[in-house]
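Student: Can we go through this structure together? I'd like to start with the inside and then move on to rings and loops.

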Amino acid sequence: MPGAKLDRGDVCFDNGRCEEGKCKNLCEFHGKVPCLCEADNICKQCCKDDTPGSVCKQFENPETGNVDNLSNGKVCGNGHCEAGVCVIGAQDFQEKFWDVIDRLDVNMVLKWFRNNIVFAIILFSSIIWIPISLFVDWLDDKYDL
C-alpha cells in the first residue's frame, strides 16, 4: 500500500524534496548537480552548477541558511558519515554481511523480489525443477532395461 502523496517541496528521502511525484536530491531540486565535497567536508551536502567547468562547493540550503550534513551511514572514504563527520571504520566483509542480515525483514525481501521478478521466477522454478529432474534421471538409470 503506497504512502501518502507528498506535495511539491515536501521533504522526502535523504533530505531531498518532492517534485512531480518523485523525490529529488536537494541539489537537483534547486537546479544544481550533486557532487562530492573535498576531503574535510566529505560528509556535507555539495552541489555544482550544471555548466562545464563549474566548481563543487558546499550547498547552503536556502530554507535553513545552513549547509546540510549527508545522512548518517552514507559511505565516505574508508568509513561512513556520522553527524557531518567521516568516521573511519575497519568493518570487514563478515561484519557488513551480518549488519545486512540484522536489518533484513520480510517486506524488504518481497520488495526486492518485486523489483527483480524475472530472477525470482527463475530462482523458484529452478528450486522446483532441478531436484525433480535429478530424481527422474536417477529413476531412469535405476530402471534402465
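Student: Which residues make up the largest nonpolar core?

Tutor: Before that, a note on the source. This is a predicted model, where local features need pLDDT of at least 70, side-chain atom pairs count only at pLDDT 80 or more, and totals for chains, interfaces and linings use all residues. Residues are numbered from 1 along each chain as its sequence is written, and side-chain values use heavy atoms, with hydrogens and water left out. Now the core: the largest one has 5 residues, namely I42, C43, L70, C76 and C81. A nonpolar core is a set of buried Ala, Val, Leu, Ile, Met, Phe, Trp, Tyr and Cys residues joined through side-chain atoms within 4.5 Å. Buried means under 20% relative accessible area, exposed over 50%, and partly exposed in between, with a 1.4 Å probe and protein chains only.

Student: What does L70 touch?

Tutor: Leaving out residues up to four places away in sequence, L70 touches I42, C43, K44, Q45 and C81. Contact here means heavy atoms within 4.5 Å.

Student: New topic. How many aromatic pairs are there?

Tutor: The count is 5. Rings of Phe, Tyr and Trp (its six-membered ring) pair if their centres lie within 6.5 Å; planes under 30 degrees apart are stacked, over 60 edge-to-face, and the rest tilted.

Student: Why is the W112 and F119 pair called edge-to-face?

Tutor: Their ring centres are 5.6 Å apart and the planes sit at 85 degrees, so the pair is edge-to-face. W112 is partly exposed at 42% relative accessibility. F119 is partly exposed too, at 44%.

Student: Which cluster do ring pairs build?

Tutor: They link W112, F113, F119 and F124.

Student: On to loops. Where is N61, and is it buried or exposed?

Tutor: N61 is in the loop between β6 (57–58) and β7 (75–76). Strands are DSSP runs of E, at least two residues, numbered from the N terminus. N61 is buried, with a relative accessible area of 1%.

Student: What does N61 touch?

Tutor: Not counting residues up to four places away in sequence, N61 touches R17, L26, N66 and D68. Also, a polar atom of the N61 side chain lies 3.0 Å from the backbone nitrogen of E63.

Student: Last one. What about the phi of A83?

Tutor: A83 has a positive phi of about 55 degrees, though it is not a glycine. Most residues other than glycine have a negative phi. A83 lies in the loop between β8 (79–82) and β9 (85–88). With 59% relative accessibility, A83 counts as exposed.

Terms used. Helices (H or I, at least four residues) and strands (E, at least two) are DSSP runs, numbered from the N terminus. A polar contact is a pair of N or O atoms within 3.5 Å; within protein, one must be able to donate a hydrogen and the other to accept it, and residues adjacent in sequence count only if both atoms are side-chain atoms.
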